[in-house]
Amino acid sequence: MNWKIEDKEYKKEKIEFIGNKMCIGNGYFGYRGTLEEYGKEQLVACTVSEIFDDNGNGWREPVNVPNGLYTWVEYEEKKLSVLETKIEKHVQELHFDTGIHRRKTVFSTEDGQRITVEAERFASLEDIHLLVMRYQVTADKDLDIKIHTGIDDDIWNINGNHFKNKEYIEKDGVTGMICKTIENTANIAVAEKKQALSPEGKTENLKNGSVIHVKLKKSVPYVMEKYIAICKETDCTDVWEAAVNCCQQAEQKGYDRLKAKQKALWGKRYEKLGIEIEGDEEAEKAVLYSAYLLYSSAPEHTDRVAIPARGLSGQVYKGAMFWDTEIYMLPMFAFCDPKIARNLVMYRVKNLQGAYEKASEYGYEGAFYPWESQETGRDGCTHYNLTDIFTGRKMRTYFRDKQIHISADVVYGLWKYMNVTKDNSILKEGAAEVILECARFFWSYAYYKKGKEQYEFLDVTGADEYHERVNNDAYTNYMIRLTAKATLDVISYLKSKEPEMYKKVMDKLDYWKEEENIRDLYEKIYLPKPNDSLVIEQFDGYLKEEDLSIQELYSRIIKPNEYLGSPCGLAVNTQIIKQADVILLLSLLGSDFTDEVKEKNWSYYEPRTEHGSSLSTCIYALLAAQIGKTEWAYQYLMKAAQIDLTGDYKLYLGDLYIGGTHPAANGGTWMVLTQGFAGLEAEEDGVHFSPHLPEKWRKLKFRFNYGGSRYRVEITKDILKIIGEDAAKELRVTYMGNIYTCSAGSTLKIQMENREGK
């Protein structure tokens, strides 16, 4: 398979898109796929995790640090840049098997010279503080050039400057700066160490960079290597000393050794996934590229943060962690890289206090997790997120107030993690308290309707954000029941397996009377049931709203980028929804519903879903695959898997910029492949398979972990094969109601029934 993403021409209007598509990252920082001569106008950004700042305008976002890769060539007193110099050839590449970005540009100067610039960079996995570049210049004739290189501190930010001061400093051949954030005075150091390989040039040192005077010989390249260190006080006691040491150690190892290690470490990641699709290289490439983007933002080094809604591709959505993490991103890591999965769930556990504070703010008990969560665990969402493009006035939204399903999504993530990994130790580390307190929150929020003897949830917003403040949202209510069930299961587990901890937790939370309340909630919660047509109404009164086509809705749009949702958008009083809602419910809790109910609801909601969010198409693909609609599933899979390859996504909500990569769609792509087409589901005592492969796929291969053991799966049209590669014990496998066993080190081979896709 070709592991390369390539653009063979330069188009100025594609700068934003290419910056997303070819971004690199290692979970500590992300660097956009921009060119070395670019500045802030071209959206250059090196976005770090864990450090957020509010410069006083009330909009808190992650910090972009000074650009250590800033480099450009001067010839005859003119800057060579794709923005203003004639180009004979330009190629930009991302090798996503190694996380290496490359560019090659042939410039044609006014006096007819051909000067070629080539550059290669990567965000090191071996040392997460390290950004590495090799820069090369070649000419067709002997000529003199100047290479300007340094650290550009004129930074692109969505919401203004985030540094109160920058201190320029030098030590032992390492130059750089220490930056201090405005809100929390957090220190970040960015340092560089240059090494010229050939030929030597005369260097003129400047405040935050240098100019290298080079006499180029015909066809003999000038080669320079740069080692950039990015060190934050979140993990470095002395950020400048750490940065200096990082640069010096990198130089000692050398570029080629660092690059070889980079290839090996990315190779190990893909080995954990083990994904191969025989007969469809396009799909295989899109799926693996999606996994690359998700891994690039994954916090392997810490549980202080999770994966932001736009990864580390910039400051969009305030760099916040949403419910996307638990529902869309966590499954791949739970099944393939449990260490990262543990960091993701422990981020929520360690930020329980923020959920306490939010519940208290709104007058409720327990834990109300934030819609936009940052490093403190407090809600970063403002009440006025959007601007009316007609009036220019800020619009009140209720994302923060009414999306109570977030607490249920957090519990779902913990439940999913423990179900797959069997790592119940997180209960002792605080997960038990999270689960119990989320249930307490729902108990305090619930409305008990005496006449019907049922608990209802009024004035909420579900996954479909176009309809805010509705009653009895189906997704929300079912996920609340799951939370109540998980709470009762945890209490039962602790009571029987960890009696001392059980007493400690129940005393600490004063939960002795609460257990019966949660049991009552579990038994009496109102759950919208399928109607006579087997359709589950998304919320009370949804089916009474205007029923029209998406095309008709679009015909009513007056101005580009109109926001279609609440409070007064075009979709509000219609059945058009933003993204998968009931379909998400049926995908996640499929065992609660028959295939007929799933099919009827998929067919009803599919033409009424606008897919105004990148969270949507993968879920429609997932359910379609699970119920045998393989061709529909394939179409939606490719939309989700290729979203960051095609740029087919919304850039604005009203006037709010929402560009960047799409980790939820990336994680959802993996879900479609394994949990959809392969039908993999983790059960309490084993796994379940129900494969439905697309017609063109000859064989699907992947790996997964369950209960601390690793397995390899191979699926053809008629054979399901499971190999216990690193298995400590037998695996119980269910297929079509039949029970099989895969022993450690052995191969289980199942002859599958012929089931035609719909």
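## Loops, helices and a kink

Pro-567 sits in the loop that runs between helix H14 (550-555) and helix H15 (582-588). This is a predicted model. The peptide bond joining Ser-566 to Pro-567 is cis, with omega of about 10°. Most peptide bonds are trans, and most residues other than glycine have a negative phi.

The table sets them side by side.

| Residue | Phi | Loop |
|---|---|---|
| Thr-185 | about 45° | between strand E14 (174-181) and strand E15 (187-198) |
| Tyr-317 | about 55° | between helix H4 (281-296) and helix H5 (324-336) |

Thr-185 is not a glycine. Tyr-317 is not a glycine either.

Helix H10 covers residues 425-445, which is 21 residues. From its first C-alpha to its last, H10 reaches 30 Å. That is close to the 30 Å expected at 1.5 Å a residue. Yet H10 has a kink of about 70°, centred on Ala-431. In H10, 16 of the 21 residues are buried, so the rest of the structure largely encloses this helix.

Gly-366 belongs to the loop between helix H7 (352-361) and strand E20 (384-387). Which residues does Gly-366 touch, beyond those up to four places away in sequence? They are Ala-355, Tyr-356, Ala-359, Glu-437, Arg-440 and Phe-441. Gly-366 has a relative accessible area of 9%, so it is buried, as the cut-off is under 20%. Ile-389 is 23 residues from Gly-366 along the chain, and their C-alpha atoms are 38 Å apart.

### Two packed helices

Two packed helices are described by the angle between their axes and the distance between the axes. Helix H17 (residues 617-626) packs with helix H20 (residues 663-677) at an angle of about 0°. Their axes lie 9 Å apart. The angle makes H17 roughly parallel to H20, because angles under 35 degrees count that way.

H17 makes its side of the contact with Cys-618, Ala-621, Leu-622, Ala-625 and Gln-626. Residues of H20 in the contact include Ala-664, Gly-668, Met-671, Val-672, Gln-675 and Phe-677. What kinds of residue form the contact of H17 with H20? There are 8 nonpolar residues, 5 polar and no charged.

Technical notes
Residues numbered from 1 in each chain as written. Predicted model: local features only at pLDDT ≥ 70, side-chain atom pairs only at ≥ 80, totals over all residues. Heavy atoms only, no water. Helix = DSSP H or I, 4+ residues; strand = E, 2+ residues; numbered from the N terminus. Expected span 1.5 Å × (residues − 1). Bend = angle between axes of the 7 residues up to and from the residue. Buried < 20%, exposed > 50% of the residue type's maximum accessible area, 1.4 Å probe, protein only. Axes fitted to C-alpha atoms, helices over the stretch in contact; angles between N-to-C directions. Parallel < 35°, antiparallel > 145°, perpendicular 65-115°, else oblique. Contact = heavy atoms within 4.5 Å. Nonpolar A, V, L, I, M, F, W, Y, C, P; charged D, E, K, R; others polar.
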